[in-house]
Amino acid sequence: MVRALLFGALALLASTGSAYDVIREYSGNTFFDGWDFYGAPDNLTLGNVTWVSQTDAMSLGLAYVNTQGNVILKVDNTTNVTYGQERNSVRITTQDAYELGSLWLIDINHIPYGCSVWPAFWSFGPQWPNDGEIDIIEGINLMTYNQMAIHTTPGCTQSGSVSQLGTSGSTTDCSQPAGCTVMETSPNSFESGFAAAGGGVWATKFDDTGISIWFWSRPDVPQSINQSTSASSLDLSGWGTPHANYSSTTCNMNEFFTPQNLVLDITLCGDW
Ligand SMILES: *[C@@H]1O[C@H](CO)[C@@H](O)[C@H](O)[C@H]1NC(C)=O
Ligand SMILES: *[C@@H]1O[C@H](CO)[C@@H](O)[C@H](O)[C@H]1NC(C)=O
Ligand SMILES: *[C@@H]1O[C@H](CO)[C@@H](O)[C@H](O)[C@H]1NC(C)=O
Ligand SMILES: *[C@@H]1O[C@H](CO)[C@@H](O)[C@H](O)[C@H]1NC(C)=O
Ligand SMILES: *[C@@H]1O[C@H](CO)[C@@H](O)[C@H](O)[C@H]1NC(C)=O
Ligand SMILES: *[C@@H]1O[C@H](CO)[C@@H](O)[C@H](O)[C@H]1NC(C)=O
């Protein structure tokens, strides 16, 4: 069964010294301003879906803002499709790209899960893989934890000595097909546990010193984020050790990453 994906807010922040100021917020009734809908079958990860146009997504009820102001992105769960026919789903990409020195926050109440279901929040530069890819939220099937990753051209590795809470995969060469994965070890980062906890927040610091990703389940979201508004600046000093940490000492960020467009999508099956 496929469920709804709810977004409270996605805030993008730019650094001004030690704190970050908001440069863009996608939320509520204006959430969909500044995103492109894919409008074609999934010819990228080869899942069994068509990522519909904005017009179709809105008329089919696959992308909308509910009365509580939450953004819903979902897979069609009412149409019976026959074998070989694609089910409708949604993939959206920001029109703007965000450069090194920015911080990306996303607040989600629910992420779809179940057999074959593959939701993702990730980023890429215009020329893949030359411009880099960062996978912030990704999981398939009955995985109970989120998996983070970066993908680059040869020459970027993840050092074994970074301080991070997650567990790195076996590949340290980020140009390998799996990329440099980091398995989340904090509870309730995906599947039913994520939903039962009321969701959570991810922060991605995209910086020339490295890429760091933090995750907080709803009860653990720090005061600095709970109390932030689109007018306040954000102080990261209390955030502690990141959950994934890709240091520039083994991956020159300016060489392997250009400004990134952010993507939210849900596919079914496909090439994991
Ligand atoms: C389809 O998804 C909605 C949530 O968006 C849910 O309320 C409904 O029960 C689902 N229907 C089926 C047939 O699974
Ligand atoms: C995917 O489909 C779109 C729309 O038909 C097309 O523009 C694009 O080139 C295709 N991409 C690939 C990788 O086949
Ligand atoms: C889809 O197929 C199931 C099983 O045959 C049936 O019970 C259901 O009514 C069908 N739904 C629609 C919308 O046709
Ligand atoms: C799903 O897509 C794959 C790749 O295009 C295709 O081989 C397979 O037959 C499709 N499965 C279904 C159930 O449509
Ligand atoms: C990432 O790990 C390196 C090496 O241990 C450390 O110097 C750096 O502070 C860590 N990044 C963050 C954001 O904690
Ligand atoms: C932040 O708010 C959430 C509810 O949205 C709550 O569960 C969490 O404990 C709060 N964090 C702090 C530090 O008060």
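## Strands and a hairpin

Strands are runs of at least two residues that DSSP assigns as E, numbered from the N terminus, and two of them pair if DSSP finds at least two bridges between them. In this predicted model, a hairpin links strand β16 to strand β17 by way of two residues. The two strands, β16 and β17 (residues 210–217), run antiparallel and are joined by eight bridges, and within this pairing W202 stands opposite F215 in β17.

## The other partner of β16

Strand β16 also pairs with strand β10 (residues 102–110), to which seven bridges join it in an antiparallel arrangement. Here W104 is the residue that stands opposite T204 in β16.

How many of the eight residues of strand β16 are buried? Seven of the eight, spanning residues 200–207, are buried, where buried means under 20% relative accessible area, and the strand is therefore largely enclosed by the rest of the structure. As a general point, the side chains in a regular strand alternate between the two faces of the sheet.

## The surroundings of ligand 4

Turning to a ligand, the residues around ligand 4 are N48, Y83 and G84. A polar side-chain atom of N48 lies 2.3 Å from an oxygen atom of ligand 4, while an N or O atom in the side chain of Y83 is 3.4 Å from an oxygen atom of this ligand. In the case of G84, a backbone N or O atom lies 2.9 Å from an oxygen atom of ligand 4. On its own, ligand 4 has 370 Å² of accessible area, and the protein covers 47% of that area.

Methods:
Residues are numbered from 1 along each chain as its sequence is written. Chains are lettered from A and ligands numbered from 1 in the order in which they are written. This is a predicted model: local features need pLDDT of at least 70, side-chain atom pairs count only at pLDDT 80 or more; totals for chains, interfaces and linings use all residues. Side-chain values use heavy atoms; hydrogens and water are left out. A residue is near a molecule or strand if one of its heavy atoms lies within 4 Å of it. A polar contact is a pair of N or O atoms within 3.5 Å; within protein, one must be able to donate a hydrogen and the other to accept it, and residues adjacent in sequence count only if both atoms are side-chain atoms. Accessible areas come from the Shrake-Rupley method with a 1.4 Å probe; for residues, only the protein chains shown count as cover. Buried means under 20% relative accessible area, exposed over 50%, partly exposed in between (1.4 Å probe, protein chains only). Helices (H or I, at least four residues) and strands (E, at least two) are DSSP runs, numbered from the N terminus.
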